Amino acid sequence: MASACVLIFLLAAFFHQGDCVLKLATNFGDHMVLQRAPQQAVLWGTADTEGDTITAKITGQGSQGTPTTAKVSHGKWKLELPAQTGKGPFTVDVSSSDGHVMLHDVLFGDVWLCSGQSNMYFGFSSVINATAELHHALQFPDIRFTRAKRVQSATPQDTMAFDIPWTGPNSRYIGSSSAVCWLFAEYLHEKLKYPIGLVESSWGGTPVEAWSPPQVFTACAHHNKRGPGAHGVLYNAMIHPLLSTTLYGALWYQGEANSGHPELYGCEISNMVKQWRTQFHQQSLQQTSNSFPFGYVQLAGNAHNSMVGGFPGERWAQTANYGYNPNPAMPKTFMAVAMDLPDYNSPYGTIHPRYKQDVAQRLVLGALNVAYGQKDVVFQGPFPSAFMEGQHTLEIQYDHGHAKLTVRNNKGFEVCCSVSNMTHCDDRHDAWVAALLTKHQTSLVTLGTSRCGTRHVVGVRYEWRTSPCDFKQCSLYDSASGLPAPPYISHDLKPNQGPEIIG
């Protein structure tokens, strides 16, 4: 009995001592991916000995740089590892007078954060052709991922929990990983040929306000909410603890929960992107760019009906009312148009389409062009550049005459009819009527506007419905890339003029 008590005492002393040693933040683990050169990966954690020196070194074939150090201040430490061009695998050893911790099988590549609501959380095992996709995914050991546990907090947190630890593709976790996030990495890896790290932090049914820091609400006046949609509760718990991470970029799939309030959403999403960039840049010792690439998914089609609903306005707001990305309000952003990817038979509800492969492919095109500077990669569908009004016709030019259009049907356009040709289209008093596409040339389409009668055409909109078309059957596409023309609206049509598109 006495010997048993001694053993219990020694074990208790051992584990008590373990609470007082050098620690890495919970964000780090074996099999992870850290950001590659030219950026430097940031490590951080806690230690008990104030002023103590923390030393970190990378070992393994091809490792570059000498050990780096930092001092413990108020129980915390943070340091930058030497920039690494080799992929690894490496071992990272962090030591101090309190002891040391090691990370094994660490790769260096590009780290992407994936966030949003349920369509980002949507599991890989639920996509179309899931069995084949899951089997194929096992062939990408250089893609590693982790997932934050869903937690909310009224105050900013420094630590967080993960319900999927850092891991490569395996049968235990791959099926529940984010389908959009994983497929994006898979298609991107095929182009880049080096490791991709994914940090998923998402929660179904959540509004943009929950993911936003307080600066967003200062810029966009809004009354606070309570519960899971309360201002900042997911930013505090599921983004704030990640801010010191050296990221390459972020992906965002959200907006359904904010449908119906486009004016406010347009302000909030553009300011959220600005604040995320600022906060990640500052907290990562400036290693994450303050203009890091930000890609997102424009809302897909939903219910199988012809209702306008709240989605068209929300899609426009997702672009800060420009209709395309990047734009002056949202530089270095890219967008996957998904309005033509409805899934009316989805067993998870039409709000959760299973065609995540197409979404990811379109995101990768944007990433290659905007995030990786491959300017020859086409990532946007045709966009209006000029309007010419004729006798009961409206001619629309696309991409300054450089577009090569494919027309899949003659529907999708509407014009706004007003008694005055000097007015701004007012949805309360003026009428939107269908304008059939009567003919088209390489970069031009002609609409018939006779349904306006004696009234004047003062506005035009395209695919302005929650579900504007069946799968990949909207009206206009780019002939070479197959990318759809995005939804469009103008309440103040100026003939022979049009918006400038920024590539």
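Predicted model: local features only at pLDDT ≥ 70, side-chain atom pairs only at ≥ 80, totals over all residues.
**Disulfides**

A search of the whole structure finds five disulfides. With the bonded cysteines counted along the chain, the pattern is 1-2, 3-4, 5-7, 6-8, 9-10. Three of these links are described here, and the table lists their sulfur-to-sulfur distances.

| Disulfide | S to S distance |
|---|---|
| Cysteine 114 and cysteine 181 | 2.1 Å |
| Cysteine 220 and cysteine 267 | 1.9 Å |
| Cysteine 416 and cysteine 425 | 1.9 Å |

The disulfide between cysteine 114 and cysteine 181 has 70° about the S-S bond and is right-handed. Cysteine 114 belongs to strand S8 (residues 99–116) and cysteine 181 to helix H4 (residues 179–192), so the link ties together parts that are 67 residues apart in sequence. Cysteine 114 is buried, with a relative accessible area of 0%. Cysteine 181 is buried as well, at 2% relative accessibility.

A disulfide also joins cysteine 220 to cysteine 267. Its torsion about the S-S bond is about -85°, so this disulfide is left-handed. Cysteine 220 sits in the loop between helix H5 (214–219) and helix H6 (233–239), while cysteine 267 is part of helix H7 (residues 262–283), so the bond ties together parts that are 47 residues apart in sequence.

Cysteine 416 and cysteine 425 form a disulfide with 85° about the S-S bond, and the link is right-handed. Cysteine 416 is buried at 0% relative accessibility, and cysteine 425 is buried at 2%.

**Helix H8 and its packing**

Helix H7, which holds cysteine 267, is also one of the elements against which the buried residues of helix H8 pack. How many residues of H8 (residues 311–318) are buried? The count is eight of its eight residues, and the helix is described as mostly covered. The buried residues are Phe311, Pro312, Gly313, Glu314, Arg315, Trp316, Ala317 and Gln318. Besides H7, they pack against strand S13 (294–297) and strand S24 (488–490).

Two packed helices are described by the angle between their axes and the distance between the axes. For H7 and H8, the axes come within 8 Å and cross at roughly 25°. Angles under 35 degrees count as roughly parallel, and H7 is therefore roughly parallel to H8. The crossing of H7 and H8 is right-handed. On the H7 side, the contact is made by Pro262, Tyr265, Gly266 and Ile269. On the H8 side, Gly313, Glu314, Ala317 and Gln318 take part. By class, the contact of H7 with H8 has four nonpolar, three polar and one charged residues. Glu314 is the charged one, as Glu is classed as charged.

**Backbone features**

Just after H8, alanine 320 takes a positive phi of about 55°, in a residue other than glycine. Alanine 320 lies in the loop between H8 and S14. At 15% relative accessibility, alanine 320 counts as buried.

The loop between H8 and strand S14 (333–336) also holds proline 326. The peptide bond from asparagine 325 to proline 326 is cis, with omega near 0°.

Another cis peptide bond runs from glycine 88 to proline 89, with omega near 15°. Proline 89 is found in the loop between strand S6 (76–80) and strand S7 (90–96).

Asparagine 129 is not a glycine, yet has a positive phi of about 60°. This residue is in the loop between helix H2 (118–121) and helix H3 (130–137). Is asparagine 129 buried or exposed? Asparagine 129 is exposed, with a relative accessible area of 52%. Alanine 320, by contrast, has a positive phi and is buried.

Technical notes: Residues numbered from 1 in each chain as written. Heavy atoms only, no water. Disulfide = S-S within 2.5 Å. Helix = DSSP H or I, 4+ residues; strand = E, 2+ residues; numbered from the N terminus. Buried < 20%, exposed > 50% of the residue type's maximum accessible area, 1.4 Å probe, protein only. Contact = heavy atoms within 4.5 Å. Axes fitted to C-alpha atoms, helices over the stretch in contact; angles between N-to-C directions. Parallel < 35°, antiparallel > 145°, perpendicular 65-115°, else oblique. Left-handed = near helix turned anticlockwise from the far one by under 90°.
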